Amino acid sequence: MRSRNTAPQQPIGLVPGSIAALALCGLTMSGLLPGIIWKLVSILLCGMVWWQASLNVMAKMDRRQRFIFQALCYIGLFLMPLIGPGELPRMEYIALKFTGVFLWALIIAIIYNIIYKNKPKMRKKIVAGNWKMNTLPAEGVELAKGVVAGRGEVCSCVNFIVCPPFTHLAMVAEALKGSDIELGAQNCAAEAKGAYTGEVAAQMIAALGCKYVILGHSERRQYYGETSETLNKKMAQAYANGLTPIYCVGENLDEREAGKHFDVVKAQIEEVVYNLTEEQFKNLVIAYEPVWAIGTGKTATADQAQEIHAYIRKVLADKFGAAAAECPILYGGSCKPSNAAEIFAKEDVDGGLIGGAALKAEDFLAIGKGFQK
Ligand code: PEP
């Protein structure tokens, strides 16, 4: 069951809904389907489809486009009562006018949907490898060299990042020199420096050449008790040292089965990402990683990934507006060469955070080839 309050409202399939709504409006307005009930049904259907179409398109628009879209809808709202017959019975008259208004807004929303669907997205395509606590330093260097060696076979439009253990960072940085493959760390301390035995500061990893840092990975949340409070501090440290956080969100199996996944990711975003400034937000990568898919061999279906990625983008847009359209959202959880293309083909999936399959240069690169868009 899906939780009621925060899931995106998808009242009806957009394409069949639009066809049905347009057909019904045509029939009622031409008088072929007479009677107030049909008119009310067509108003309701148009309203539902329009609502969904608006949600879809507005999340993709910048401020100016939203303004034009809304202005066109309002122009229809004001003009429609002035057009058409005036001598119908009162209820019939109101129903006719409402149908006209919704029809107008629906047509605009459909046109926008078509335009935006075909517009190539400008977001960064990213394939990031999370090596976790695997490989010895020399093995890590070999792996990095393997990625560098095969990199030329993959479109230069794909940004590769490798995130080795802390102990390998300096050596891997050396192995990546001269390539466009970027370096990331798997974590950083919540404090800047001082008496924190065993911790590694953001400043230190930045000094070793890291550009990215993974924060909020489910394994850190689960095994090391990382909370939003800690993650807020870590994010601040990352930004203070010029690092781009790859902030992970995702629900566990119980939460998914209880239909709470939308609420879980929303809270993880609100509690941390909502505290960022607009400038910081422009330098953020989100990774959606359903915990039940990490290292289990179970992958979210491409449709499941798209559904929640679109939702995440909507939650981001609620706070950061049009900038949300530029934020890369990666999928993570048993992503491999055989499923990457299908998942990456989805509109709101901008790449992957890869665990197991990042430990073989060949597989990691093959995942990068999954980009067809
Ligand atoms: C991860 O832990 O970030 C991950 C996605 O792991 P895997 O690909 O092995 O499921």
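Biologist: In which loop does Lys 132 lie?

Modeller: Bear in mind that this is a predicted model. Strand S1 covers 125-130 and helix H5 covers 137-150. Lys 132 falls in the loop between S1 and H5.

Biologist: What is the phi of Lys 132, roughly?

Modeller: Lys 132 isn't a glycine, yet its phi is positive. Thr 135 is found in the loop between S1 and H5 as well, and Thr 135 also has a positive phi, near 75°, in a residue other than glycine. For Lys 132, the phi is about 55°.

Biologist: On to the ligand: which residues come nearest to it?

Modeller: There are 15 residues around the ligand. Lys 132, from the loop between S1 and H5, is one of those that come nearest.

Biologist: How far is the polar side-chain atom of Glu 289 from an oxygen atom of the ligand?

Modeller: Polar contacts here are N or O pairs within 3.5 Å. A polar backbone atom of Ser 334 sits 2.7 Å from a ligand oxygen, and a backbone N or O atom of Gly 355 is 2.9 Å from a ligand oxygen. Glu 289 uses a polar side-chain atom instead, and its distance to an oxygen atom of the ligand is 2.7 Å.

Biologist: Now helices. Are H14 and H15 roughly parallel or roughly perpendicular to each other?

Modeller: H14 spans residues 337-344 and H15 spans residues 361-368, with axes that come within 8 Å and cross at roughly 20°. Angles under 35 degrees count as roughly parallel. The crossing is right-handed. So H14 and H15 are roughly parallel.

Biologist: How many charged residues are in the contact of H14 with H15?

Modeller: From H14, Pro 337, Ala 340 and Phe 344 take part, and they meet Asp 363, Ala 366 and Ile 367 of H15. By class that gives five nonpolar and no polar residues. The charged count is one.

Biologist: And H5 against H15: is the crossing right-handed or left-handed?

Modeller: The axes of H5 and H15 come within 9 Å and cross at roughly 40°, so the two are oblique to each other. As for the sense of the crossing, H5 passes H15 in one that is right-handed.

Biologist: How many polar residues does the contact of H5 with H15 have?

Modeller: H5 brings Leu 143, Gly 146, Val 147 and Gly 150, which meet Ala 361, Phe 364 and Leu 365 in H15. Five residues of this contact are nonpolar and no residue is charged. Gly counts as polar in this scheme, and the number of polar residues is two.

Biologist: Last pair: how many nonpolar residues are in the contact of H11 with H13?

Modeller: H11 (residues 261-272) and H13 (residues 302-320) have axes that come within 10 Å and cross at roughly 40°, which makes H11 oblique to H13. His 261, Phe 262, Val 265, Lys 266 and Ile 269 in H11 meet Glu 307, Ile 308, Tyr 311, Ile 312, Val 315 and Leu 316 in H13. One residue of that contact is polar and two are charged, while the nonpolar ones number eight.

Notes:
Residues are numbered from 1 along each chain as its sequence is written. This is a predicted model: local features need pLDDT of at least 70, side-chain atom pairs count only at pLDDT 80 or more; totals for chains, interfaces and linings use all residues. Side-chain values use heavy atoms; hydrogens and water are left out. Axes are lines fitted to C-alpha atoms, for helices over the stretch in contact, and angles run from 0 to 180 degrees between N-to-C directions. Helices (H or I, at least four residues) and strands (E, at least two) are DSSP runs, numbered from the N terminus. Angles under 35 degrees count as roughly parallel, over 145 as roughly antiparallel, 65 to 115 as roughly perpendicular and the rest as oblique. Contact means heavy atoms within 4.5 Å. A residue is near a molecule or strand if one of its heavy atoms lies within 4 Å of it. A polar contact is a pair of N or O atoms within 3.5 Å; within protein, one must be able to donate a hydrogen and the other to accept it, and residues adjacent in sequence count only if both atoms are side-chain atoms. A crossing is left-handed if the near helix is turned anticlockwise from the far one by less than a right angle, and right-handed if clockwise.
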